[in-house]
Amino acid sequence: MSASAAPALTLPTPEDTRDLGRRLAGVLRPGDLVVLTGPLGAGKTVVVRGIGDGLGVRGAVVSPTFVIARVHRAGRPGGVPLVHVDAYRLGSLDEVDDLDLDVDTATAVTAVEWGAGLVEQLADTHLEITLERDEASETRRAELRPVGGDWADRLRKLG
Ligand SMILES: Nc1ncnc2c1ncn2[C@@H]1O[C@H](COP(=O)(O)OP(=O)(O)OP(=O)(O)O)[C@@H](O)[C@H]1O
Ligand SMILES: [Mg+2]
């Protein structure tokens with residue numbers, strides 16, 4: 001598994017952050033794992049909301065504070081479902097396995113908040129998104145780090 005240099009993006013508004021998710025959805029495939037890191041309020045859920053928009057899944061993507069994982073079914077036949085996980089309170093990988101989700105992650109895109117160091121073993125390759133918050137403004141900065149697979153190629157195709 002190799003990690004390549006991370007392209008960095010400036011995201012001035014929440015809509016820019018959501019739009020990053022929408023654009024990402026255009027290069028996502030079933031079985032993909034996207035791991036989001038960054039402090040509270042950094043915009044991790046906003047990115048996942050954009051991914052949900054782009055995939056056209058059902059149900060609003062909200063902060064999964066009281067549930068560890070939520071499955072968003074495909075909104076159309078042949079569409080790709082989205083599994084949204086908040087690993088904040090998960091202690092170990094065993095617990096991720098124990099979630100016993102009602103969907104096969106090989107057929108879905110899985111986006112995990114707070115999953116760095118925990119869930120990467122669920123897939124051979126993944127995309128890591130690190131969000132930073134500028135205290136002085138609402139601007140966010142995103143770093144996209146491709147880990148293995150063809151993620152680097154796919155990021156180059158990002159619209
Ligand atoms: N440029 C920006 N990009 C994203 N969110 C922004 C931006 N500017 C302001 N915000 C606000 O910051 C908040 C980000 O919330 P969000 O729930 O996505 O964070 P999070 O990283 O998922 O936090 P948590 O760790 O609690 O899950 C939202 O209320 C959003 O409106
Ligand atoms: Mg969140």
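Colleague: How far is a nitrogen atom of ligand 1 from a polar backbone atom of T13?

Modeller: This is a predicted model, in which local features need pLDDT of at least 70 and side-chain atom pairs count only at pLDDT 80 or more, while totals for chains, interfaces and linings use all residues. Residues are numbered from 1 along each chain as its sequence is written, chains are lettered from A and ligands numbered from 1 in the order of writing, and side-chain values rest on heavy atoms, with hydrogens and water left out. A polar contact is a pair of N or O atoms within 3.5 Å; within protein, one must be able to donate a hydrogen and the other to accept it, and residues adjacent in sequence count only if both atoms are side-chain atoms. For the nitrogen atom of ligand 1 and the backbone of T13, the distance is 3.3 Å.

Colleague: Which residues are the closest to ligand 1?

Modeller: An oxygen atom of ligand 1 lies 3.1 Å from a backbone N or O atom of A42, and an oxygen atom of the ligand is 3.3 Å from a side-chain N or O atom of W114. Counting residues with a heavy atom within 4 Å, 17 surround ligand 1, and the closest are L11, T17, G41, K44 and T45.

Colleague: Which residues coordinate the magnesium ion (ligand 2)?

Modeller: Donors are N, O and S atoms within 2.8 Å of the metal (3.2 Å for Na, K and Ca), and water is not among the atoms, so sites may look incomplete. With that caution, the distances are 2.1 to 2.2 Å, and the donors are OG1 of T45 and OE of E113.

Colleague: How many residues apart in sequence are the parts that T45 and E113 tie together?

Modeller: Helices (H or I, at least four residues) and strands (E, at least two) are DSSP runs numbered from the N terminus. T45 belongs to helix α2 (residues 44-55) and E113 to strand β5 (residues 109-113), so the pair ties together parts whose separation in residues is 68.

Colleague: With the side chain of which residue does the side chain of H84 make a polar contact?

Modeller: H84 lies in strand β4 and is buried at a relative accessible area of 0%, where buried means under 20%, exposed over 50% and partly exposed in between (1.4 Å probe, protein chains only). Its partner is likewise buried, at 3%, and the 2.7 Å contact is with E113.

Colleague: How far does α2 reach from its first C-alpha to its last?

Modeller: The expected span of a helix is 1.5 Å times one less than its number of residues. For the twelve residues of α2 the expectation is 16 Å, and the model comes close to this at 17 Å.

Colleague: With which residues is G54 in contact, leaving aside its neighbours within four places in sequence?

Modeller: G54 lies in helix α2 and counts as partly exposed at 41% relative accessibility. Its C-alpha atom is 7.0 Å from that of R23, 31 residues away along the chain. Taking contact as heavy atoms within 4.5 Å, the residues that G54 touches are R22 and A25.
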